[in-house]
Amino acid sequence: MGEWYLYGSIADGQKFQEVQLNRSGFKIGRRFGCDLRLMWPTVSGTHAEFITTSDGDLILVDLDSTNGTFVNGERIRCEVVLEVGDIVQLGASEFQVCTRSGDSIEIYETKDFTFLPSQLVALEDLINGTGLVPHYQPVIRLADSGVIGYEVLARSNNPELSTPMQMFDIAEKMGLSDALSTACRTAGLNHAGDLAENQILFLNTHPNEVRQEELLSSLEVLRNAAPNQAMMLEIHEAAVTDLSEMSLLQSRLKDLQITLAYDDFGAGQARILDLIEVPPDILKFDISLIRDIDQSSAKHLMMVQTLVAMVRDFGISSLAEGIETEAEAAVCLEIGFELAQGYHFGRPGPGFVTS
């Protein structure tokens, strides 16, 4: 095997170039002293190492980096033997593994990689808060269509990561979903200067965050930044797995004067008896229970109405998600829903307006 080298771009906007792996133990990271410095925030101080064996093989070792080292789109857990043509990704840099005996130094666009360097650059911007453009969707009282608050929804102007699914898909692969979730809440509050303090700012969470102390730390920062703003934390129903932990979380939220909502109730296995052990202030019924409810069977209506009545008896406000028509809204009001959300009352937008 000939001389190993990497071919790619070291920094945003730079042309592709060769990086000679001129010794065994070639280290890449942000710190001084590394053989190659990559100044992305998602690159650790000493991120990875290339080792050349006596047989001429090239081994890539991840040095316990925070956000991982990827080969052909897959995160390596310890070390991997590289082959000519492999794609190595560290932070927002992507390199092809080459040798002097190789025939090509082109990074083939036809390969199906999990994410692209441009997406990693965009993710850096989102986590730093500069790329986020939060949108707000109104939450209303069904009885009079009065707006009680707005849910913060993650959006950006980057076409590659414009939707929450795109954003969090790559963030999860990089191990940064919690950081992105925190950034979304922070941007949502920072852009909500025109929101009345008595209107609730509904803040979303990523399921992985619920058991982590960092969630409460990030919420404490938000509370200190806006001491009088009404806030409600939304947690997906499926993330409510340990009731003792949820009880502790709810107690800490009360200390921060942040109320609690369970989201997407009924999307999977609805565990209402578990949920009421740590009762939320609001239970959001999933769109799958609400869509075309005006055309639903009598059994479906009776089931939803029974759940709404049970929730009300426990002092929990019920919210119907995804209402798109006047007919759906009328049925939801008739069977006892107090609150609602959906395109019928207002689409998500960068300002606080209803349609």
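This is a predicted model: local features need pLDDT of at least 70, side-chain atom pairs count only at pLDDT 80 or more; totals for chains, interfaces and linings use all residues.
Residues are numbered from 1 along each chain as its sequence is written, and side-chain values use heavy atoms, with hydrogens and water left out.

**Figure 1. Overview of the protein chain.** The chain holds nine helices and 19 strands; helices (H or I, at least four residues) and strands (E, at least two) are DSSP runs, numbered from the N terminus. The C-alpha trace spans about 75 × 45 × 40 Å along its principal axes. Of the 355 residues, 50% are buried; buried means under 20% relative accessible area, exposed over 50%, and partly exposed in between (1.4 Å probe, protein chains only). The accessible surface comes to about 16,800 Å², and carbon and sulfur atoms contribute 49% of this surface. These areas come from the Shrake-Rupley method with a 1.4 Å probe, and for residues only the protein chains shown count as cover. Among contacts with a separation of 6 or more, 57% involve residues 24 or more positions apart, a contact being heavy atoms within 4.5 Å. The mean positions of the 24 positive and 52 negative charges are 3 Å apart. Lys and Arg count as positive and Asp and Glu as negative, while His and the chain ends are not counted. The place of a charge is taken as NZ of Lys, CZ of Arg, CG of Asp or CD of Glu.

**Figure 2. The open sheet of six strands.** The strand order is β2-β1-β11-β10-β7-β8, and the pairing is antiparallel. At the edges stand β2 (17-20) and β8 (74-75), each of which pairs on one side only. Two strands pair if DSSP finds at least two bridges between them.

**Figure 3. Two residues with positive phi.** Asparagine 72 is not a glycine, yet has a positive phi of about 55°. This asparagine lies in the loop between β7 (69-71) and β8 and is partly exposed, with a relative accessible area of 30%. Aspartate 264, also a residue other than glycine, has a positive phi near 60°. Aspartate 264 belongs to strand β16 (residues 258-265) and counts as buried because its relative accessibility is 19%.

**Figure 4. Serine 44 and its surroundings.** Serine 44 is placed in the loop between β4 (36-37) and β5 (48-52). At 12% relative accessibility, serine 44 is classed as buried. Leaving aside residues up to four places away in sequence, serine 44 touches Gly29, Arg30, Ser65 and Thr66.

**Figure 5. Methionine 231 in strand β15.** Methionine 231 is part of strand β15 (residues 231-236) and is buried, with a relative accessible area of 2%. With residues up to four places away in sequence not counted, methionine 231 touches several residues, including Leu189, Ile200, Leu222, Arg223 and Ile258. Leucine 256 is 25 residues from methionine 231 in sequence, and their C-alpha atoms are 9.5 Å apart in space.

**Figure 6. Strand β18 and its parallel partners.** From strand β18 (residues 317-320), Ser317 and Leu319 point one way and Ser318 and Ala320 the other way, and all are buried. Strand β17 (residues 282-285) pairs with β18 in the parallel sense over four bridges, and strand β19 (residues 339-340) runs parallel to β18 with two bridges. Alanine 320 is the bridge partner of phenylalanine 285 and stands opposite alanine 340 in β19.

**Figure 7. Glutamate 334 in helix α9.** Glutamate 334 is found in helix α9 (residues 326-334) and is exposed, with a relative accessible area of 66%. Leucine 142 lies 192 residues from glutamate 334 along the chain, and their C-alpha atoms are separated by 9.8 Å.

Figure 8. Cysteine 98 is buried, with a relative accessible area of 1%. Cysteine 184 also counts as buried, at 12% relative accessibility. The structure holds zero disulfides, a disulfide being a pair of cysteine sulfur atoms within 2.5 Å.
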